[in-house]
Amino acid sequence: MPEMKPLDPHVLELLGQASTATLTTQLFARGLRNAFMVGLSPVNPNRTKFVGEAFTLRNIPAREDLDTLAVFKDYDHPQRLAVESVPPGQVLVMDCRSDSHAASAGHILVTRMMRRGLAGLVTDGSLRDSPAISRTDFPSFAAGASASPNLARHHAVDMQVPIGCAGVPVYPGDIIVGDDEGVVCVPRELAAVIAQAAVDQEKLEEFVLGEIEGGAPLRGTYPPDEQTLARYRATLS
């Protein structure tokens with residue numbers, strides 16, 4: 001992968017303030033319709049908010065002659081190597097082909113990610129030891145829970161390559177944002193473009209919601225007409 005230019009920390013901060021719903025709207029306005037990872041849920045519903053650059057791990061289907069417990073004696077096994085390679089503040093995104101029959105990680109690996117300062121974990125496979133993971137403060141999103149080890153279904157092959165996670169294309173360095181609703185992938189080249197726009201959208205929608213709560217009809221309010229926009233702008237001065 002070519003070396004990426006550092007991302008402005010303020011862009012990450014703004015994206016982290018926006019909801020996944022707002023971000024998908026901003027992406028939709030720019031022609032991107034497939035950015036939300038449908039079917040993933042937080043393991044700890046009280047710890048869902050995160051933002052960070054994507055560090056990817058790709059899995060292919062396991063094969064019985066290769067994927068035995070003996071492979072875990074190799075500290076450079078791609079699954080373990082990925083956990084030790086993700087820079088602090090980034091998000092490990094695992095491509096498990098939306099196969100949740102076996103776990104893609106467990107409590108020990110999640111604890112290591114947490115201790116290394118990762119921003120979060122996203123997998124379209126499942127996680128094992130999920131009751132223990134649910135008690136951590138580490139944002140983890142998965143397609144389900146499974147007690148079976150990853151080797152029963154998954155063969156980790158490479159890192160930092162383009163992947164698909166829950167049907168969404170993810171390239172290394174894309175921005176991954178999570179909240180109570182789920183996870184969205186923001187293409188890196190669009191991050192700075194939509195960051196402020198997303199915050200501005202949410203400020204306007206908060207005003208519109210207040211109008212609706214006050215009894216205003218949809219017509220003229222949502223979407224806001226010029227009179228409504230004028231009242232909104234007056235609140236900014």
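1. Let us start with a term: accessible areas here come from the Shrake-Rupley method with a 1.4 Å probe, and for residues only the protein chains shown count as cover. By that method the protein chain exposes about 11,900 Å², and carbon and sulfur atoms supply 55% of it.

2. A word on what you are looking at. This is a predicted model, in which local features need pLDDT of at least 70 and side-chain atom pairs count only at pLDDT 80 or more, while totals for chains, interfaces and linings use all residues. Residues are numbered from 1 along each chain as its sequence is written, and side-chain values use heavy atoms, with hydrogens and water left out.

3. Now the overall fold. The protein chain holds seven helices and 12 strands; these are DSSP runs (helices H or I, at least four residues; strands E, at least two), numbered from the N terminus. Its C-alpha trace spans about 70 × 40 × 30 Å along the principal axes. Of its 237 residues, 46% count as buried, where buried means under 20% relative accessible area, exposed over 50% and partly exposed in between (1.4 Å probe, protein chains only).

4. Have a look at C165, in strand β9 (residues 163-165). Is C165 buried or exposed? C165 counts as buried, because its relative accessibility is 0%. Leaving aside residues up to four places away in sequence, C165 touches M37, L40, V93, M94, V122, T123, D124 and V170; a contact means heavy atoms within 4.5 Å. R153 is 12 residues from C165 in sequence, and their C-alpha atoms are 16 Å apart in space.

5. A166 is not a glycine, yet its phi is positive, about 55°. With 16% relative accessibility, A166 counts as buried.

6. S98 also deserves a look: it has a positive phi of about 55° although it is not a glycine. S98 sits in the loop between β3 (91-95) and α4 (107-116), and is partly exposed, with a relative accessible area of 46%.

7. Finally, visit the loop between α6 (188-213) and α7 (226-236), where L218 lies. L218 counts as exposed because its relative accessible area is 55%. P223 is found in the loop between α6 and α7 too, and a cis peptide bond joins Y222 and P223, with omega about 5°.
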